[in-house]
Structure formats: structure tokens, C-alpha cells
Amino acid sequence: EVELIPNGMKVSVCWENRQEYVEAIQRLRYTELFPLHRIQSLHCGLASIIPLQILNIMSPLDLEIRTCGLPEVDLDFLKAHTMYQVGLMESDKHIEYFWNTLEGLSQEDLCKFIKFACNQERIPQTCPCKEGGAEMSHVPPYPMKIAPPDGPGPPDSRFIRVETCMFMIKLPQYSTQELMTQRLLYAVNCREDPLSG
């Protein structure tokens, strides 16, 4: 409990002092929303993403893109930042089916795919993995990883699974493009936990 005015617990709110009460509530809310430690946390968070010196010259859109990424998915960028695990290669037929399916999706479904695969609404479209010709480590969530599914079973009867914390897609070797498209659309539109299937 907070007293809005001195000895406020002993003062009843009535029609005559209603305006004073409303103003006291506004002052309290204002002080609750802007304590120094919250502002310092916000300051530190922004400083970890962008140089604070340029904050006053960035537009709101520039700031959004820098901190959240673009609202569109750039498949060429995603493909360039993908690793194939456990002997898989980009030239494998089911990997080609996978990329063909993604190329045929709308931006809305591509965003659903990103949410399904790494549990993020957006992913950065820039990555300082090459600087001055020198290779550097990727910045999370990159690289996306494509791996075979866990355990035995006929590929065409299996579902696509992900490990969101690793941005890893566990992709069965589907025998046709149609099956890949069907299973990928099911995965990105399914409301179940991606790890449950």
C-alpha cells in the first residue's frame, strides 16, 4: 500500500477531492514507470546492440531494423547461413525439395517457418561473419542447421522436428516435392509444440 498524500490512509476519496486523487495516482504511476534502475537497464540493453552515440541520428525504422531485423525473410541470406549436419549436403534431393518449398511460400508463411524453426519473430538479415575477407563466427541465431531426424522409421511417415534453441531443422528424406511441401506447411501452421511431433 502506498499513501498518495501525507496521512492518505485517513483521507476518504469523495467528489470534492477526486481531482486531487486522480493527479496523485498519475504522479505515482509516472514514478513507477520511470525508476532509474529501469532506465539504466534499457540503456545497457540498447548499448549492447547499437552504439549509443548514433541513437539520436537513427530514425525509428532504422532502430527497429537494427534491433529486431527486417520483417521479411531473405531466403538467399538464410541459405548462405545454413550448415548441413551428419553427412547431409545442399545437393541432396530432399534438401532441394526443402529449399524449393521455402521459395514457394509467402512472406507470411516464411515468417511462420522462422517462428517454428528458432522461436523468434524475426531474424537479422546481416551477419558480421565475413569482415575484410576474414571468416568470423556467426552471430546467433545463425547458422541455421539442417540435420537428419532422430531414430528409425520410414522417412515419408515422419514429421519435421526442430530444436529451436539451436535453430536446427530435423528433416526426413521425403521422397517427393509434394510430400515435403505438405509436411513443411503442416509444421509451420501447426499449433502444437514443434518438439512434440
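Predicted model: local features only at pLDDT ≥ 70, side-chain atom pairs only at ≥ 80, totals over all residues.
**Figure 1. Phenylalanine 159 up close, with a charge over its ring.** Phenylalanine 159 counts as partly exposed, at 38% relative accessibility (buried is under 20% relative accessible area, exposed over 50%, and partly exposed is in between, with a 1.4 Å probe and protein chains only). The charged end of arginine 183 sits over this phenylalanine's ring, 4.6 Å from the centre. For a charge to sit over a ring, NZ of Lys or CZ of Arg must be within 6 Å of the ring centre and within 35 degrees of the ring normal. Numbering starts from 1 along each chain as its sequence is written, and side-chain values use heavy atoms, with hydrogens and water left out.

**Figure 2. Aromatic rings that pair up.** Rings of Phe, Tyr and Trp (its six-membered ring) pair if their centres lie within 6.5 Å; planes under 30 degrees apart are stacked, over 60 edge-to-face, and the rest tilted. That rule gives a count of 5 aromatic pairs here. Phenylalanine 98 and phenylalanine 113 make an edge-to-face pair, 5.9 Å centre to centre with 65° between the planes. This pair links distant parts of the chain, 15 residues apart: phenylalanine 98 belongs to helix H5 (residues 93–104) and phenylalanine 113 to helix H6 (residues 107–118). Phenylalanine 98 is buried at a relative accessible area of 0%, and phenylalanine 113 is buried too, at 1%. Now back to phenylalanine 159: its ring centre is 5.4 Å from that of tyrosine 186 and the planes are at 45°, so this pair is tilted. Here the partners are 27 residues apart, with phenylalanine 159 in the loop between strand S4 (144–147) and strand S5 (161–163), and tyrosine 186 in helix H7 (residues 177–189). Tyrosine 186 is partly exposed, at 41%. Elsewhere, Phe77, Tyr142 and Phe167 form one aromatic cluster.

**Figure 3. A nonpolar patch on the surface.** Tyr30, Leu33, Phe34, Leu36 and Ile39 make up this patch, with about 570 Å² of accessible area together. Areas come from the Shrake-Rupley method with a 1.4 Å probe, and for residues only the protein chains shown count as cover. Helix H1 (18–33) and helix H2 (36–47) each supply at least two of the patch residues. Leucine 33 sits in helix H1 and is exposed, with a relative accessible area of 55%.

Figure 4. Most residues other than glycine have a negative phi.

**Figure 5. Stepping back to the fold.** The protein has 7 helices and 6 strands (DSSP runs numbered from the N terminus: H or I of at least four residues, E of at least two). Buried residues make up 28% of its 197 residues.

Methods:
Patch = residues over 30% accessible without salt bridge, like charges linked within 9 Å, V, L, I, M, F, W, Y side chains within 5 Å. Salt bridge = Lys/Arg side-chain N within 4 Å of Asp/Glu carboxyl O.
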